[in-house]
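Subject: Structure handover

Hello,

Here is the structure you asked for. My notes follow below it.

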Amino acid sequence: MNISDSAHTTGPSSRPSAATLEFRGATKRYPGQTDPAVEGLSLTVPAGEICVLVGPSGCGKTTAMRMVNRMIDITEGDILLDGQSVRERHPAELRRDIGYAIQQVGLFPHLSVADNIATVPRLLGWDRARIRARVDQLLELVSLDPNETRARYPAQLSGGQRQRVGVARALAVDPPLMLMDEPFGAIDPINRERLQNEFLRLQREIRKTVVFVTHDIDEAIKMGDRIAVLQKGGKLAQYAPPAELLMQPANPFVEDFVGADRALKRLALQRVRDVDLWTAPLVRVGDPAAQVRGKLDNSEVPYALLVDDDLHPLGWLSERALAGDRISDELRSRANPVLETDDILRDALSRLLAEEAQYGPVVDERGAVTGVLSIEILSHALKADPEQVPSGADAL
Amino acid sequence: MNLLLAQVQIRERTQDTCVSDNGFCPGWIADNFDRYVHPFFQHVVLTVVAVAIGFAIAFTLALLAYRHRWLINPVTQVTGVLYTVPSIAAFFLLLPITGRGFVTATIALVAYVLLIIFRNVLTGLDNVPDETKDAGRGMGLTDRQLLWRVEVPLAMPEIMAGLRIAVTTTVGLATLAFFAGAGGLGEQIFADITFKSNVVVAGGLAVALAAALDGAILLTQRAITPWTRAAAAR
């Protein structure tokens with residue numbers, strides 16, 4: 001209570017930047033319907049994390065989200081924001097403390113971009129100079145040019161720009177919690193990908209607690225630190241970090257929902273830099289062959305990798321190249337594919353398969369070999385502790 | 001009886017053949033223009049007062065019906081009946097209650113515009129996109145804030161369109177107000193309906209008044225709804 005009161009007088013800087021959200025047996029029953037829309041939902045979203053509510057249509061995910069800011073009233077159970085029940089708060093006052101972004105954006109068509117963003121600051125009585133500064137700051141935060149955008153009406157913006165303004169408006173008073181209902185659902189795939197990445201980059205800076213609703217499991221896996229899979233009747237099927245959801249689906253419904261390619265989806269969560277690479281003997285033409293043969297005996301990769309003076313990979317050496325006193329440049333195969341440390345594991349696997357290769361040299365940004373990725377490493381990566389697999393903004 | 005008397009009074013016997021032939025006589029118009037000034041202002045007052053009162057009532061009813069949907073049917077039916085009663089009939093129906101004069105004419109004119117304005121305001125409010133309302137509520141606007149800051153401004157184009165129809169039809173109907181004894185340009189027109197000069201001047205003033213009021217509302221609308229042109233210009 002004190003937190004919200006002080007926020008009204010002194011503004012966002014005095015407010016915690018993220019809140020802990022707890023659903024405690026939250027249930028929504030509509031009169032005249034036998035099955036509840038949401039049934040006994042219990043889960044906790046730690047401060048600063050993105051919780052994705054995902055499930056087929058009619059699973060109650062939007063209802064669950066809308067109960068948080070009391071757009072829909074809770075029938076039974078409770079929802080706590082930093083330990084305080086949302087039911088104890090006046091709905092309008094509660095909502096001003098919670099960022100709200102929806103699929104159709106819902107910008108006010110009759111107000112300029114600046115006035116749209118200024119809506120909640122004005123409700124809270126901020127002075128003009130502060131509002132103006134905040135508007136420009138937010139526009140920059142969502143990658144829009146303030147001078148160009150400020151005075152425009154929503155109808156003069158592209159779909160992607162509107163969506164960005166919607167996010168800026170939701171962030172206006174630096175709320176500790178954001179509710180986002182399919183915020184990128186109406187955007188074409190290319191721009192959606194860009195907006196998702198932008199939002200994750202933004203989240204890396206602002207670290208809000210976010211409840212994000214989507215029906216798209218891929219979006220859920222990409223955006224979520226934790227994913228709550230809901231099934232028909234508003235029952236929680238599983239609540240877990242993306243990696244765990246993919247590798248240990250709690251029941252056949254979740255397994256089916258995440259898809260038969262869940263191992264590949266799981267690999268998409270990690271990058272080459274996140275796994276321990278193998279080493280192979282790196283050799284140059286003219287190196288003493290006996291020494292290389294000795295290294296090969298202890299190497300994880302049974303082949304020697306020929307490199308140039310800058311450590312750029314040239315190819316895998318054949319038996320014959322090692323046979324003489326000095327290494328010759330006879331290759332068994334070229335070094336394809338050459339992988340980079342920033343590649344995601346799924347793409348690395350795909351390239352290995354495409355080249356019919358077991359091993360791929362990994363190079364850093366200068367092109368120098370830092371290790372070797374093998375199919376075996378990839379299958380081991382699937383067994384990593386799910387909590388250790390980066391998720392949400394950290395996976396970017 | 002009065003009508004016939006008035007007809008006799010409008011022009012004196014004259015040597016001018018144009019006038020005696022009931023023609024269009026610029027000379028006569030120039031000499032007699034001041035006789036139209038007072039009726040013209042009576043007409044302006046009748047129109048503006050009737051539309052203003054009608055707007056106040058219909059707008060209030062529309063806001064109530066917007067929140068309490070069950071009101072829509074009864075209000076539409078009642079205002080619909082008022083709309084269909086011919087104005088002249090309304091004047092005569094009101095005579096025993098309110099007598100002859102400005103009040104009677106105004107009541108009849110107000111009754112006529114209620115439906116037009118009510119329907120337009122309600123349509124405008126109903127056309128506000130659901131997602132806009134949802135976003136507004138989700139950001140913490142109270143119902144009252146949502147109404148005055150979002151819904152009414154967004155309904156403005158329809159509201160103003162309703163006002164334009166109301167004003168132009170009222171200018172027309174007010175030409176019948178002299179039946180209720182409220183004067184106006186109609187009194188002049190019917191004073192000598194066979195005399196072209198008279199009909200052209202009085203009728204022309206009525207048309208000009210309708211056009212001027214319509215234009216004034218249109219300009220106001222453009223001034224208060226700049227976003228509608230921003231959308232079109234894209």
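First, a convention: two strands pair if DSSP finds at least two bridges between them. Helices (H or I, at least four residues) and strands (E, at least two) are DSSP runs, numbered from the N terminus. This is a predicted model, so to speak of local features takes pLDDT of at least 70 and side-chain atom pairs count only at pLDDT 80 or more, while totals for chains, interfaces and linings use all residues. Residues are numbered from 1 along each chain as its sequence is written, and chains are lettered from A and ligands numbered from 1 in the order in which they are written.

Strand 3 of chain A covers residues 50–54. It pairs in the parallel sense with strand 9 (residues 226–231) of chain A, over 4 bridges. Val54(A) has Val229(A) as its bridge partner there. Strand 8 (residues 209–214) of chain A also runs parallel to strand 3 of chain A, joined by 5 bridges. In that pair, Ile50(A) is bridged to Val210(A).

Of the 5 residues in strand 3 of chain A, 5 are buried (20 or more other C-beta atoms within 10 Å of a residue's own; exposed means 12 or fewer, partly exposed in between; C-beta atoms are placed from the backbone). Ile50(A), Val52(A) and Val54(A) point one way, Cys51(A) and Leu53(A) the other. In a regular strand the side chains alternate between the two faces of the sheet.

**Strand 6**

Strand 6 (98–102) of chain A has 5 of its 5 residues buried. Ile98(A), Tyr100(A) and Ile102(A) lie on one side, Gly99(A) and Ala101(A) on the other. Strand 6 of chain A pairs with strand 7 (residues 177–181) of chain A in the parallel sense, over 5 bridges. Gly99(A) has Met178(A) as its bridge partner.

**The open sheet**

Chain A also has an open sheet of 4 strands, order 2-1-4-5, with antiparallel pairing. Strand 2 (38–45) and strand 5 (84–85) of chain A are at the edges with a single partner strand each, so one side of each lacks a neighbour in the sheet. Strand 1 (residues 21–28) of chain A pairs with strand 2 of chain A over 5 bridges. One of the bridged pairs is Phe23(A) with Leu43(A).

**Cores**

A nonpolar core is a set of buried Ala, Val, Leu, Ile, Met, Phe, Trp, Tyr and Cys residues joined through C-beta atoms within 7 Å. The largest has 138 residues. Those touching the most other members are Val52(A), Leu53(A), Val211(A), Leu109(B), Val113(B), Ile117(B) and Phe118(B). Helix 7 (residues 102–126) of chain B gives the most to this core, with 15 residues. Another core, of 29 residues, lies apart from it and includes Ala280(A) and Leu352(A).

**Where the chains meet**

Two residues are in contact if their C-beta atoms, placed from the backbone, lie within 7 Å. On that basis, 19 residues of chain A are in contact with 17 residues of chain B. Helix 3 (91–96), strand 6 and helix 5 (119–123) of chain A each supply at least two residues to that side of chain A. Helix 3 of chain A gives the most, with 4 residues.

**A helix pair in chain B**

Helix 9 (residues 143–173) and helix 11 (residues 196–224) of chain B pack at about 170°, axes 9 Å apart. Axes are lines fitted to C-alpha atoms, for helices over the stretch in contact, and angles run from 0 to 180 degrees between N-to-C directions. The two helices of chain B are therefore roughly antiparallel (angles over 145 degrees; under 35 is roughly parallel, 65 to 115 roughly perpendicular, the rest oblique).

Most residues other than glycine have a negative phi, and most peptide bonds are trans.

- Arg207(A) has a positive phi of about 50°. Arg207(A) sits in the loop between helix 9 (189–206) and strand 8 of chain A. With 15 C-beta neighbours inside 10 Å, Arg207(A) is partly exposed.
- Leu311(A) has phi near 70°. Leu311(A) is in the loop between strand 12 (305–307) and strand 13 (313–317) of chain A.
- The peptide bond from Asn336(A) to Pro337(A) is cis, with omega near -10°. Pro337(A) is in the loop between strand 14 (331–334) and strand 15 (339–340) of chain A.

Best wishes
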